[in-house]
Amino acid sequence: MDTFVQQLINGLTIGSIYALIALGYTMVYGILRLINFAHGDIYMLGAYAGFIIATSMGFAANPSAIGFAVTLVGSMAIAAAVGMAIERFAYRPVRKYSKMTTLITAIGMSLFIEYLFVFIFSGTPRSFPQLLPNENITLFGNATISTSQILIFVVSMLLMFLLQWIIYKTKIGKAMRAVSFNLNSAKLMGINTNFVIAFTFALGSALAAAGGVLTAQYNPKIEPLMGIMTGLKAFVAAVLGGIGNIPGAVLGGLLIGAAETLVVGYGGYIGVPSTFRDAVAFAILILVLLLRPAGLLGSNVQEKV
Amino acid sequence: MSWLKNIGAVVAIFAVLYVLNAMMSSAGFFGTGINDYQSRLLVFIAINIILATSLNLINGFTGQFSIGHAGFMAIGAYASAYFSNVYGESIVRSFSFLGETAAVSVVLLIAIIVGALVAALMGLIVGIPSLRLKGDYLAIVTLGFAEIIRIVILNIDAVGGATGYSVPGYANFFWIGLFAIVTIVVINNIVNSDSGRALVSIREDELAAEAMGVNTTRYKVTAFVIGSAFAGIAGVLFAHNNKFLHTNDFQFIKSFEIIIMIVIGGMGSITGAILGAIIVTLLPELLRMLPDVTLGGFTVRFADLRLVIFALILIVTMIVRPQGLLGTMEIGHIFKRFRRADKPTGGMK
C-alpha cells in the first residue's frame, strides 16, 4: 500500500508537469490546428531561463521563497516573449499553407531551438540550484512526499486555475474561445485574431516554462534536449484528453504521469519491464485513438462532405 | 526500340555503380578513388533516397500523413541483422563454390527479402487499424508506433538491446545504389499505373474517390505496406553497411529527417524526393566548411552552428517556397516544357 501511494504521488508529480505543457499544445492546436513541436523546447528554454535568473541574481546562494517566485515569473515572461516571437516570425507566414508545411516549420523551429541551446550551453547537463529547502515528509509507513512535490502540485494547480479564469472570465479568453471555434467568423466579428493567436502562444509558453522551472526543482539536471521526450509525452497527454480541450489536457497529463510510474513500479508483475516506461504513453495513445479518436473528453466531430 | 534503350540504361547503371563501388575500395578504380568520408556520404544519399521515395508514396501520392518511417526502417534493419548473424555464415559457406563475392551477395539478397517482408508485415499490422484515422491523428499514431517499435527492439536482448548489435558488412555501394534505383523505378511505375491514379485520387479527395468506386482503405493500406517494405530494405542496407546497429539511429528525429526530405524536394514528386534526400544529406556536411568569423576579439565558429543554420534554412524554405523546391513537378516535366517552348506547335503528338 505504501509503495502504491508513493508511486501514485510520484506519478502525479510528473503528471502535473505534463499537464502544464499539454495545456500549451492543446490551446495552440485548438486555435490553429497546428502541432507545435517546438513547445517541448520552450519547456527546456524555461528551465534554462530560470537557471540563468537564479544564478545571476544570487538566488542560488541564499534560497528564499521570493527568489523562487522571481525565477518562476521571470522565466515565464521570457518564454512568453520567445513563444510570441516564434509565432510571429515562423508560424504566421506559413499559417495559410498546407498542414505539412506548418508541421515542418514547427519541426524546424524545434531543431533550431535545440541546436542553438546545444551551441550556447553545450550538451553537458547543468545542475539547477535548489531555490527552496527540500525535505521529505512522511505520510504513513514508507510513503513520503517531498516539499518540492508539494510545490509542483500547488503551483501547477494555481496556474491551471489562473488559466481557467483567463479563458472563461476575461474578454481575451472569450476571444480565444471564439477564435478556436471558428477563426474566420471570429475575424468577421471584429476580433483581432493575430493578437489572440499571439496571446495564446504567450500563455502556453509561459505555462511550459513554469513546468520547466518546477521540474528543475524536483530533478535538478537540465540539458538542451530534455524537452524532446517530455514534450512528446505532454503532446500525447493532450491527445489523450481530447486535443483542443483544456480540462482534457490536465486529465491526460495526470493519467500519463500516473500510468508511467505505475508501469515502472508494477509492470514487472504483468510482464512489462520498467524499461518500457517511455512506450507506455504511446501505447495508451494508440489505444485511445483507435477506440475513441476524439480523446477522453473531446467531442466527436461529424465529417461533412 | 524502347527495349534496346532500356537494356542500354540498365547496362549503364550497372557500369556506373560498379565503377563507383570499385573507386570506394582501398585499391581504387585504375588509380582514382573516393575517400571514406565521401563514400559514406554517397551511401547515406542512396539509403535516404530509398527512404524518401518510399515515404513519398505514402505521404506525397496517397496523402496519408505518416511520420513513423524510421520505425519500419528499424524493423527491416534488425530482422535482417538477426538473420545474417544467425544464418549468414552457414549460407556463405554453402554457396562458397560461387566465390566469396557472389556468396555474400546471396546472403544479402535473402536478408533484403527477409527485411522487406518483416517490415511489410509490420506495415500491415500498423496500417490496418491506423489508416482509419486521418490527418494529424494518423501522424501521431504512426509516430507512436515507431517509438513503440524502437523501445521494444531496445528491450530484446537477442538483438543486443541497449549495447547495440553488430552486423556482418555484406552491403557495398553497388547493392545500395542498385536498390535505390530499383526503389525509384518501382515507385515510379506504381505511381504511373492505374493503382497510382487511385492513390492520387485519394490524396486529392478521399470522399470523391470513394464515391467513384475506389476502395480507399485497401489502396491506402497497400501503399502503406509497400512504403514500409522499402523502408525495411533501406534498413537492411543500412545495417549491413554500417556493421553496427543501435536503436538511437531510429529515433523519431530520423522519421522527421525523411519527412523533411520529401517536403523540401516537393511532396508528390519522385525527383523532388531524390533531390530532397541529396540536400538533407549533404547540406549539414557542406555547412561544416563555413569559416570562423572574429569580431572584436570574439570568435564565432560557424561550423559549430551548422545544425542551427540547417534548421533556419528549413524554416525559410517553408516560408518562401511551401510546396517544396519542385512541388508536384518532376524534372522530366520541366525539360519537356523547355522543349515545348523551342518547337513550333503542331509537331507534338
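Helices (H or I, at least four residues) and strands (E, at least two) are DSSP runs, numbered from the N terminus. The legends concern a predicted model, in which local features need pLDDT of at least 70, side-chain atom pairs count only at pLDDT 80 or more, and totals for chains, interfaces and linings use all residues. Residues are numbered from 1 along each chain as its sequence is written, chains are lettered from A and ligands numbered from 1 in the order in which they are written, and side-chain values use heavy atoms, with hydrogens and water left out.

**View 1. Chain A, with 11 helices and four strands.** The radius of gyration, taken over C-alpha atoms, is compared with a globule rule of 2.2 Å times the number of residues to the power 0.38. For 305 residues a compact globule would have a value near 19 Å, and the 19 Å of chain A agrees with this. Along the principal axes, the C-alpha atoms fill a box of roughly 60 × 50 × 40 Å. Buried residues (under 20% relative accessible area, with exposed over 50% and partly exposed in between; 1.4 Å probe, protein chains only) make up 56% of the 305 residues of chain A. In chain A, 78% of the contacts with a separation of 6 or more join residues 24 or more positions apart, a contact being heavy atoms within 4.5 Å.

**View 2. Residue I197(A) in helix α8 (residues 193-218) of chain A.** I197(A) is buried, at a relative accessible area of 1%. Leaving aside residues up to four places away in sequence, I197(A) touches I31(A), L32(A), E87(A), R95(A) and L183(A).

**View 3. The aromatic pair Y25(A) and F235(A).** Rings of Phe, Tyr and Trp (its six-membered ring) pair if their centres lie within 6.5 Å; planes under 30 degrees apart count as stacked, over 60 as edge-to-face and the rest as tilted. Over all chains the structure holds 21 aromatic pairs. The ring centres of Y25(A) and F235(A) are 5.3 Å apart and their planes stand at 55 degrees, so this pair is tilted. Y25(A) belongs to helix α1 (residues 2-32) and F235(A) to helix α9 (residues 227-241), both of chain A, so the pair ties together parts that are 210 residues apart in sequence. Y25(A) is buried, with 3% relative accessible area, and F235(A) is likewise buried, at 2%.

**View 4. The aromatic cluster with members from chains A and B.** Ring pairs link Y25(A), F37(A) and F235(A) with F252(B) and F256(B) in this cluster.

**View 5. Chain B, with 13 helices and four strands.** The radius of gyration of chain B is 22 Å, close to the 20 Å that the globule rule gives for 349 residues, so chain B is as compact as a globular protein of that length. The C-alpha trace of chain B spans about 60 × 60 × 50 Å along its principal axes. Of the 349 residues in chain B, 51% are buried. Among the contacts in chain B with a separation of 6 or more, 77% are accounted for by residues 24 or more positions apart.
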